[in-house]
Amino acid sequence: MAKEVRSARGEGVFLIDSRTALQEYARRNEVLYLQEYLPIERDLRIVHVGDRVVSAYWRRAAPGVFHTNIARGGTVSFDGVPEAAVALVERVARRLGIDHAGFDVAEVQGRFYILEFNPLFGLEALNRQGIRIAPLIDDYLSRVDGGPADRDPDTPLAA
């Protein structure tokens, strides 16, 4: 699997299935993002905001497609999300100090693998759940900053 820098929504993600394909990808990209292909038909998107997971759901690839992204035809299921995967994301986010990201997690033979995490992620599934991310961010920042949630965001915090 290969991904181009600053790509999102499944754009710029390629299945590299030959030496020629790898060489072509390397010619087009100064920075190479490569990972082993995992034989999966679905993955988890786990959304972490502030100090907690706010949503988790399966993304299943459309027939004949390896992308699980909703923007690329993937479907969403909120059923049967493994608690162990959510706990993994919470642990990693806490240890790395990540307060806003969508984590993509694959399950292969009962083990969970974080494929990537990104602060720019689609909100369609969250919208389906009625989750609005801005109030969650605002709540977290008000708790961390210790200030009112309605303060002017252009005014720096007092030192």
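Q: Which residues of H2 are buried, and what puts them on one face of the helix?
A: The buried residues of H2 are Ala85, Val86, Leu88, Val89 and Ala93. Seen down the helix axis, they fall within an arc of 155°, so they line one face of H2. The arc is taken from the directions from the helix axis to the C-beta atoms. Buried means under 20% relative accessible area, exposed over 50%, and partly exposed in between (1.4 Å probe, protein chains only). On the other side of H2, Glu83, Arg94 and Arg95 are exposed.

Q: What kind of model is this, and how are its residues numbered?
A: The model is predicted: local features need pLDDT of at least 70, side-chain atom pairs count only at pLDDT 80 or more, and totals for chains, interfaces and linings use all residues. Numbering starts from 1 along each chain as its sequence is written, and side-chain values use heavy atoms, with hydrogens and water left out.

Q: How do you know that the span of helix H2 agrees with its number of residues?
A: The expected span is 1.5 Å times one less than the number of residues. For the 14 residues of H2 (83-96) that gives 20 Å, and the end C-alpha atoms are 20 Å apart, so the two agree. Helices here are DSSP runs (H or I, at least four residues), and strands are E runs of at least two, numbered from the N terminus. The protein chain has four helices and eight strands.

Q: What makes strand S7 mostly covered?
A: Seven of the nine residues of S7 (100-108) are buried. In the whole protein chain, buried residues make up 34% of the 159 residues.

Q: How do you know that S7 pairs with S4 and with S8?
A: Pairing needs at least two DSSP bridges between two strands. S4 (42-49) and S7 have six bridges, in the antiparallel sense. S7 and S8 (111-118) have seven, also antiparallel. His48 stands opposite Ala101 in S7, and Asp104 has Glu116 in S8 as its bridge partner. S7 and S8 form a hairpin with two residues between them, and Gln109 in the turn has a positive phi of about 50°.

Q: Why do S2 and S3 count as edges of their sheet?
A: The open sheet has three strands in the order S2-S1-S3, paired antiparallel. S2 (13-14) and S3 each have a single partner strand, so one side of each is left without a neighbour in the sheet.

Q: Why is the contact of Glu24 and Arg27 called a salt bridge?
A: A salt bridge needs a side-chain nitrogen of Lys or Arg within 4 Å of a carboxyl oxygen of Asp or Glu. The Glu24 and Arg27 side chains meet at 3.0 Å, N to O, so the pair qualifies. Being three residues apart in helix H1, Glu24 and Arg27 are separated by about one helical turn. Glu24 is partly exposed at 32% relative accessibility, while Arg27 is exposed at 61%.

Q: What is the N to O distance between Arg59 and Asp43, and are they buried or exposed?
A: Their side chains meet in a salt bridge at 3.0 Å. The pair links distant parts of the chain: Arg59 in S5 and Asp43 in S4 are 16 residues apart. Both are buried. Asp43, Arg45, Arg59 and Asp104 are linked in a network of salt bridges.
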